[in-house]
Amino acid sequence: MIGENHEDPLAHAFELEILKKLKTAESNFGLSLEFYDRECQTVLDEYLAGLIPLDTFLSDSRPPANHADYQPLLDLCKAVHLPVIAANCPRRYTRLVSKGGRDCLNPLASTSARQLLPPLPYQGASQKYTENFIEIMKSMGNNNPSVPTTMLDAQSLWDATMADSIHQGLARMERVVHVTGYFHIQYRLGLVEHLVRLRPDTEILTIVMLPAEETKEMSEEQKNIADLVVLTDIEALG
């Protein structure tokens, strides 16, 4: 799993190099992306297969605002025939959870929407993940006591869906390289916790690329954020 700051061009370049190196070493693996949801998997597959042009893919896939940053990853996968997993759930479900809590999705378990979601009911955030989330909200000036309940449930839905997508991908291939925001995997919490519950025997390597003012020496906190930590120049952020 690769955790990034979404605005870090150095992280994006590093991700591309990882894919290239893996392709040289092995073939039975695929890419998984937080930034595309399961509803666009079909159009993503069509684009990778060369059935539709880029403009059609972009108009039909609801790409992230910085989709150009990830286009080199998709171009490589298209060129060398690597599968790509649209790993997240549609945002309408996270909006529902943000308003009504995670249990509001349970009625969808018996509908076709279950294909777009993790198994329901999904697991809520762990205590440590909750504590980290609250600290981040406070650092951003948000002291609303309801935030940990509503926003955290939505965050956990992303984690649970991505973990389930990776889980399904590993049934078809030996390795999955998943790219996501680093909060989802830092300290092996969140997404990692969900995947461990699904696949307790699967080896999970976490890499976090962390923008920093000091790139030659790590603090103790930075050392513990992932199995491998890459400090990138904070001045490079877009």
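This is a predicted model: local features need pLDDT of at least 70, side-chain atom pairs count only at pLDDT 80 or more; totals for chains, interfaces and linings use all residues.
## Packing of helices 2 and 4

Helix 2, formed by residues 41-48, packs against helix 4, residues 67-80, at an angle of about 60°. The two axes lie 9 Å apart. Helix 2 is therefore oblique to helix 4.

On the helix 2 side, the contact is made by Leu44, Tyr47 and Leu48. Helix 4 contributes Gln71, Leu74, Asp75, Cys77 and Lys78. By class, the residues of this contact comprise 5 nonpolar, 1 polar and 2 charged.

## Nonpolar cores

In soluble globular proteins, nonpolar side chains tend to be buried together. The largest nonpolar core in this model has 33 residues. Those with the most contacts inside this core are Met1, Tyr93, Leu105, Leu157, Ile166 and Leu191. At least two core residues come from each of strand 3 (84-88), helix 5 (91-100), helix 7 (147-170), helix 8 (191-198), strand 5 (207-212) and strand 6 (228-233). Helix 7 gives the most, with 8 residues.

Leu191 touches Met1, Asp159, Met162, Ala163, Ile166, His178, Thr180, His184 and Ile185, when residues up to four places away in sequence are not counted. Another core, of 30 residues, lies apart from the largest one; Ala11, Phe35, Leu73 and Ala86 are among its members.

## Glutamine 155

Gln155 is found in helix 7. Its relative accessible area is 13%, which is under the 20% limit, so Gln155 counts as buried. Leaving aside neighbours within four places in sequence, Gln155 is in contact with Tyr129, Phe133, Phe183 and His184.

Definitions and conventions. Residues are numbered from 1 along each chain as its sequence is written. Side-chain values use heavy atoms; hydrogens and water are left out. Axes are lines fitted to C-alpha atoms, for helices over the stretch in contact, and angles run from 0 to 180 degrees between N-to-C directions. Helices (H or I, at least four residues) and strands (E, at least two) are DSSP runs, numbered from the N terminus. Angles under 35 degrees count as roughly parallel, over 145 as roughly antiparallel, 65 to 115 as roughly perpendicular and the rest as oblique. Contact means heavy atoms within 4.5 Å. Ala, Val, Leu, Ile, Met, Phe, Trp, Tyr, Cys and Pro count as nonpolar, Asp, Glu, Lys and Arg as charged, and the others, Gly among them, as polar. A nonpolar core is a set of buried Ala, Val, Leu, Ile, Met, Phe, Trp, Tyr and Cys residues joined through side-chain atoms within 4.5 Å. Buried means under 20% relative accessible area, exposed over 50%, partly exposed in between (1.4 Å probe, protein chains only).
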